[in-house]
Amino acid sequence: MARNPEITTESAAPRKSGGLYSRVKVSVKTLDIIILVLIAALVLCVWFMVSHNGFTVTYDTLGGTPVESVRVLHGETLSPETPTREGYTFDGWYLDKEYRYAWNPETDPVTDSMTLYAKWVEAPRDGT
């Protein structure tokens with residue numbers, strides 16, 4: 001049987017020796033240390049996530065009926081009760097006492113611990 005000169009068992013392309021990491025010189029001891037550090041970082045992250053329990057949102061009603069503080073996780077929204085104050089109408093929650101930065105608890109996600117301040121508008125007087 002005659003051999004076909006076009007079929008060979010060896011690759012025509014030259015092979016590179018060593019592979020992708022052939023120039024990297026890292027000892028097994030160094031790799032062990034890197035692995036231990038990464039495991040410790042992972043354990044620390046998990047511990048932090050479990051023990052943190054989210055953020056505290058405090059409500060300052062500025063003379064209105066009290067609203068309990070709540071703890072929520074990052075990205076959650078709030079549904080606080082609406083405070084009341086005699087002679088005034090509640091006009092929303094704000095991030096500052098000067099009422100420059102409005103906060104909509106139902107749509108704005110919590111990303112940090114904070115205090116929300118109630119804004120009051122004097123109610124119109126009946127009669128006189």
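Val24 is partly exposed, because its relative accessibility is 48%; the partly exposed class lies between buried, under 20% relative accessible area, and exposed, over 50% (1.4 Å probe, protein chains only). Val24 sits in the segment before α1 (28–52). Together with Val26, Leu31, Ile34 and Leu38, Val24 makes a nonpolar surface patch of about 440 Å². Patches take residues with over 30% relative accessible area and no salt bridge; nonpolar side chains (Val, Leu, Ile, Met, Phe, Trp, Tyr) are joined within 5 Å, and like charges within 9 Å. Accessible areas come from the Shrake-Rupley method with a 1.4 Å probe, and for residues only the protein chains shown count as cover.

The model is predicted: local features need pLDDT of at least 70, side-chain atom pairs count only at pLDDT 80 or more, and totals for chains, interfaces and linings use all residues. Residues are numbered from 1 along each chain as its sequence is written, and side-chain values use heavy atoms, with hydrogens and water left out.

Now the overall layout. The chain has 1 helix and 5 strands. Their pattern along the sequence is α-β-β-β-β-β. Helices (H or I, at least four residues) and strands (E, at least two) are DSSP runs, numbered from the N terminus. The chain counts 128 residues, of which 17% are buried. Take the contacts in the chain with a separation of 6 or more: 51% of them join residues 24 or more positions apart. A contact here means heavy atoms within 4.5 Å.

Two strands pair if DSSP finds at least two bridges between them.

β1 and β2 run antiparallel and are joined by 3 bridges. Phe55 stands opposite Val72 in β2. Next, go to β3 (residues 88–94). β3 pairs with β5 in the antiparallel sense over 5 bridges. Thr89 has Val121 in β5 as its bridge partner. β3 also runs antiparallel to β4 (residues 102–103), with 2 bridges between them. There, Tyr94 has Ala102 in β4 as its bridge partner. In a regular strand the side chains alternate between the two faces of the sheet.

Turn to the nonpolar core. In soluble globular proteins, nonpolar side chains tend to be buried together. A nonpolar core is a set of buried Ala, Val, Leu, Ile, Met, Phe, Trp, Tyr and Cys residues joined through side-chain atoms within 4.5 Å. The largest one holds 13 residues, and Val57, Tyr59, Leu78, Val110 and Leu116 touch the most other members. β1 (55–60) and β5 (114–122) each supply at least two residues of this core. β5 gives the largest share, 4 residues. What does Leu78 contact, leaving aside its neighbours within four places in sequence? Leu78 is in contact with Val57, Tyr59, Val70, Val72, Trp103, Pro105, Glu106, Val110 and Leu116.

Charged pairs come last. Side chains of opposite charge can pair when their charged atoms come close. The whole structure has 4 salt bridges. A salt bridge is a side-chain nitrogen of Lys or Arg within 4 Å of a carboxyl oxygen of Asp or Glu.

Lys119 and Asp91 meet in a salt bridge at 3.6 Å, N to O. Lys119 lies in strand β5 and Asp91 in strand β3, so the pair ties together parts that are 28 residues apart in sequence. Lys119 is partly exposed at 22% relative accessible area. Asp91 is partly exposed too, at 36%.

Arg100 forms a salt bridge with Asp96, with the closest N and O atoms 3.0 Å apart. Asp96 is buried, because its relative accessible area is 8%. Asp96, Glu98 and Arg100 are linked in a network of salt bridges.

Arg125 and Glu122 also meet through their side chains in a salt bridge, 3.5 Å from N to O. Arg125 is exposed, with a relative accessible area of 68%. Glu122 is partly exposed, at 49%.
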